[in-house]
Amino acid sequence: MHILVIGGAGMVGRKLIERLARDGRLGGKPITRITAHDVVTPKPPEAPFPIDTRVSDLSVPGEAAALVADRPDVILHLAAIVSGEAEADFDKGYRINLDGTRHLFDAVRLIEGYTPRLVFTSSIAVFGAPFPEAIPDEYFHTPLTSYGTQKAMGELLLADYTRRGFFDGIGIRLPTICVRPGLPNKAASGFFSGIIREPLAGQEAILPVSEDVMHWHASPRSAVGFLIHAATIDGTSLGHRRNLTMPGLAVTVGEQIEALRKVAGDKAVARIRKVPDPVIETIVSGWPRKFDAARATALGFKAEGSFEEIIRIHIEDELGGKIAD
């Protein structure tokens, strides 16, 4: 089996490739090759099969066709401009998130007799306020950001191209992935991870919103699990509704902070400094808070049961089991 990971240098892409390298198989079939693609060079792990790296801009005409020319069996499309950057740079957001996605879909479509499994990472940002208490699977798309609009367009394209038989597509709406390791990125949601990650490392964290802000979370470990399950699930079980909201955990910022206190103590919590940011507050106010992800759960997708569990996963996976004093 040949697997193409687009966005392979990103946090989730890197962790996905590491998991596939450890497992050596996907859906019971031995992996014979992985191609990791991004705009910067991915750093592949050791693996019992070749891992090729490709560097290019997916939105440039012809690049997607070159990536799929040798017909990978599974394509996992993770690459995107994140929410804050897509809002700040309108043209770049549409070029990468919409044009790049359509170039990929069309490149697959134009290869006669080729119908791979294609997993598209969407986002809960496809939904916009006002919201019910818990957003059901049948709720309509009214995105209130350019990023959410771009992802919603990708979902519609995926469903239509799958209906037409061009590929076997599944779109998964990821929760906000928390706790993200590494340095902060330009995502408007970055503070959700920052208020946990930095205090655990002995550093100050900035909180730009109020503690009553509620959001939908899952760990990086769960995100990798979502992708693997989406890559192997029987597509006929989805029917024509090819896009799914992934399960997660709805917690307020205040509940995040209390979970941090239980895991790491008062000293860690004291490293969080409140600095209101009206721009971030405005973006976050248009985001969904809680979901009823019954359909994905029934199909076997799984996430954490508590935010303390999410914190402990970060400590185990990223900090070697140790936190700063």
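Mentor: Start with Phe127, which counts as buried because its relative accessibility is 1%, and a residue is buried under 20%. This is a predicted model, so keep that in mind throughout. Tyr139 has a relative accessible area of 15%, and it is therefore buried too.

Now put the two together. The structure holds twelve aromatic pairs, and Phe127 with Tyr139 is one of them. Their ring centres are 6.2 Å apart and their planes meet at 50°, so the pair is tilted. The word follows from the cut-offs: planes under 30 degrees apart would be stacked, and over 60 would be edge-to-face. Both residues lie in the loop between strand S7 (117–123) and helix H5 (146–163), so the pair ties together parts that are twelve residues apart in sequence.

Next, take Phe191 and Phe192. These rings also form a tilted pair, with 4.2 Å centre to centre and 35° between the planes. Phe191 is buried, and so is Phe192.

Aromatic rings can also gather in a group. Phe105, Phe120, Tyr161, Phe166 and Phe167 form one aromatic cluster. Phe166 has a further neighbour of another kind: the charged end of Arg109 sits over the ring of Phe166, 5.7 Å from the ring centre. The cut-off for that distance is 6 Å.

To recap, Phe127 and Tyr139 make a tilted pair, Phe191 and Phe192 make a tilted pair as well, and Phe166 belongs to a cluster while lying under the charge of Arg109.

Terms used: Residues numbered from 1 in each chain as written. Predicted model: local features only at pLDDT ≥ 70, side-chain atom pairs only at ≥ 80, totals over all residues. Heavy atoms only, no water. Phe/Tyr/Trp six-rings, centres within 6.5 Å; stacked < 30°, edge-to-face > 60°. Helix = DSSP H or I, 4+ residues; strand = E, 2+ residues; numbered from the N terminus. Buried < 20%, exposed > 50% of the residue type's maximum accessible area, 1.4 Å probe, protein only. Lys NZ or Arg CZ within 6 Å of the ring centre and 35° of its normal.
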